[in-house]
Amino acid sequence: MTQTVFRALLTAAGPVGTIQISFRIFPEHVEIDVLHSHSGVPGDPPVRDAAGGTFAAWMGEVLKREGLTQQDVAKQLGVSVRTVSRWVGGETEPRMRDLRRLQERFGDLPLS
């Protein structure tokens, strides 16, 4: 798990070498979001894994391979349809807790 987190952080840092991390601390758990570094220039490419694929592309392939709709995936993972739509559209990437659910349901993730 440590290597997966390390790779995800390095990928998120991208060529700029910076990331933003947000922690939400609750009595029984902690949520961590990693925001990718971007120069803020429109058209910047999305962060890619070592094989050159994006999470959004991987998620789109999962939907196609499994014959699922975004609504199906949202229901299975306990997230909103809008969340899945943002993943598929490359606007956001899943939180750590969602990554675990995705891996359990669909297999290896592009960053693992």
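Ring pairs join F55, W58 and W87 into a cluster, where rings of Phe, Tyr and Trp (for Trp, the six-membered ring) are taken to pair if their centres lie within 6.5 Å. The model is a predicted one, in which local features need pLDDT of at least 70 and side-chain atom pairs count only at pLDDT 80 or more, while totals for chains, interfaces and linings use all residues. Residues are numbered from 1 along each chain as its sequence is written, and side-chain values use heavy atoms, with hydrogens and water left out. The protein has five helices and two strands, in the order α-β-β-α-α-α-α along the sequence; helices (H or I, at least four residues) and strands (E, at least two) are DSSP runs, numbered from the N terminus.

**Aromatic cluster**

- The structure holds two aromatic pairs, and their planes count as stacked if under 30 degrees apart, as edge-to-face if over 60, and as tilted for the rest.
- The rings of F55 and W58 have centres 5.5 Å apart and planes at 40 degrees, so this pair is tilted; both residues lie in helix α2, three residues apart, which is about one turn of the helix.
- F55 and W87 form an edge-to-face pair, at 6.3 Å centre to centre and with 90 degrees between the planes.
- Because F55 lies in helix α2 and W87 in helix α4, this second pair ties together parts that are 32 residues apart in sequence.
- F55 counts as buried at 6% relative accessibility, and W87 is likewise buried, with a relative accessible area of 2%; buried means under 20% relative accessible area, exposed over 50%, and partly exposed in between, for a 1.4 Å probe and protein chains only.

**Nonpolar core**

- The largest nonpolar core has 16 residues, and those with the most contacts inside it are W58, M59, V73, W87, L102 and F106; such a core is a set of buried Ala, Val, Leu, Ile, Met, Phe, Trp, Tyr and Cys residues joined through side-chain atoms within 4.5 Å.
- At least two residues of this core come from each of α2 (55-66), α3 (70-77), α4 (81-89) and α5 (96-106), and the largest share, five residues, is supplied by α2.
- Leaving aside neighbours within four places in sequence, W58 is in contact (heavy atoms within 4.5 Å) with L102, F106, G107, D108, L109 and P110.
- In soluble globular proteins, nonpolar side chains tend to be buried together.

**Helix α5**

- In α5, the residues D98, L99, L102 and F106 are buried, and, seen down the axis, the buried residues of the helix fall within an arc of 105 degrees, so they line one face; the arc is that of the directions from the helix axis to the C-beta atoms.
- The buried residues of α5 pack against α2, α3 and α4, whereas the face turned away from the buried side carries the exposed residues R100 and E104.
- α5 is followed by G107, whose phi is positive, near 95 degrees.

**Helix α3**

- In α3, V73, A74 and L77 are buried, and they cover an arc of only 100 degrees around the axis, which puts them on the same side of the helix.
- The buried residues of α3 pack against α2, α4 and α5, while the face turned away from its buried side carries the exposed residues Q71 and K75.
- Just after α3, G78 takes a positive phi of about 75 degrees.

- D33 is found in strand β2 (residues 30-35) and counts as buried at 16% relative accessibility.
- The C-alpha atoms of D33 and R97, which are 64 residues apart along the chain, are separated by 9.9 Å.
- T54 lies in the loop between β2 and α2 and, at 11% relative accessibility, counts as buried.
- The side chain of T54 reaches the backbone nitrogen of A57 at 2.9 Å.

**Whole-protein values**

- Of the 112 residues of the protein, 26% count as buried.
- Among contacts between residues at least 6 apart in sequence, 49% join residues at least 24 apart.
- The accessible surface comes to about 7500 Å², of which 55% belongs to carbon and sulfur atoms, with areas taken from the Shrake-Rupley method with a 1.4 Å probe.

How values were computed: A polar contact is a pair of N or O atoms within 3.5 Å; within protein, one must be able to donate a hydrogen and the other to accept it, and residues adjacent in sequence count only if both atoms are side-chain atoms.
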